[in-house]
Amino acid sequence: MAAELQEIYGDVNAVDLYVGFFIEKGLTTSPFGITMIAFGAPYSLRGLLSNPVSSPTYWKPSTFGGDVGFDIVKTASLEKLFCQNISGKCPLVTFTVPDNIARETRKVLAENTKDEL
């Protein structure tokens, strides 16, 4: 692939940014490369924080289509999301990031933060 890109673009630094996002080697803890994460994460977070639904003043029944919708939102949980969408007995559902994975992710991010693809 590197040879083909070299032939098309003439230089690895001339690869289109969009193309680079998808051909960059992914991190061991992510399907995406560090460039995609560095570009995308701030915008995702900004989108969440700037959404009016994130503001307590918008948390009222009319925002969610009435009392029924508001009750659904107020009682939502990861467990309900999984258990209501699978058939059979509901397994234990939790969301945690083990310390060893968090440390490894920070290490990989630090090692792969460079100004090149």
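Is Gln84 buried or exposed? I looked it up, and Gln84 counts as exposed at 60% relative accessibility. My cut-offs were these: buried is under 20% relative accessible area, exposed is over 50%, and partly exposed is in between, with a 1.4 Å probe and protein chains only.

**Ground rules**

I am reading a predicted model, where local features need pLDDT of at least 70, side-chain atom pairs count only at pLDDT 80 or more, and totals for chains, interfaces and linings use all residues. Residues are numbered from 1 along each chain as its sequence is written, and side-chain values use heavy atoms, with hydrogens and water left out.

**Confidence**

I checked pLDDT next, the predictor's confidence in each residue, from 0 to 100. The chain average is 80, and 94% of the residues score at least 70. Which elements have the lowest and the highest mean pLDDT? Helix H6 (residues 99-112) has the lowest, at 74. Helix H4 (residues 67-74) has the highest, at 89. Helices here are DSSP runs (H or I, at least four residues), as are strands (E, at least two), and both are numbered from the N terminus.

**Gln84 and Ala102**

I went back to Gln84 and found it in the loop between H5 and H6. Ala102 lies in helix H6. Its relative accessibility is 21%, so Ala102 counts as partly exposed. Gln84 and Ala102 are 18 residues apart along the chain, and their C-alpha atoms are separated by 30 Å.

**The loop between H2 and H3**

I placed Ser30 in the loop between helix H2 (17-23) and helix H3 (34-50). Ser30 is buried because its relative accessible area is 17%. Its side chain reaches the backbone nitrogen of Phe32 at 3.0 Å. Glu24 sits in the loop between H2 and H3 as well. Glu24 has 13% relative accessibility, so I noted it as buried. What joins the side chains of Glu24 and Thr35? A polar contact of 3.0 Å does. Such a contact is a pair of N or O atoms within 3.5 Å; within protein, one must be able to donate a hydrogen and the other to accept it, and residues adjacent in sequence count only if both atoms are side-chain atoms.

**Disulfide**

A disulfide is a covalent bond between the sulfur atoms of two cysteines. My test was a pair of cysteine sulfur atoms within 2.5 Å. I counted 1 disulfide by this rule. It joins Cys83 to Cys90, with S to S at 1.4 Å. Cys83 has 21% relative accessibility, so it counts as partly exposed. Cys90 is partly exposed too, with a relative accessible area of 29%.

**Salt bridge**

I looked for a side-chain nitrogen of Lys or Arg within 4 Å of a carboxyl oxygen of Asp or Glu. The count came to 1 salt bridge. Lys74 forms it with Asp71, and the closest N and O atoms are 3.7 Å apart. Both residues lie in helix H4, 3 residues apart, about one turn of the helix. Asp71 is partly exposed, because its relative accessible area is 41%.

**Surface patch**

Last, I looked at Leu81, which lies in helix H5 (residues 78-83). Which residues form a nonpolar patch on the surface? They are Leu78, Leu81, Phe82 and Phe95, with about 450 Å² of accessible area together. Patches are made of residues with over 30% relative accessible area and no salt bridge; like charges are joined within 9 Å, and nonpolar side chains (Val, Leu, Ile, Met, Phe, Trp, Tyr) within 5 Å. Accessible areas come from the Shrake-Rupley method with a 1.4 Å probe, and for residues only the protein chains shown count as cover.
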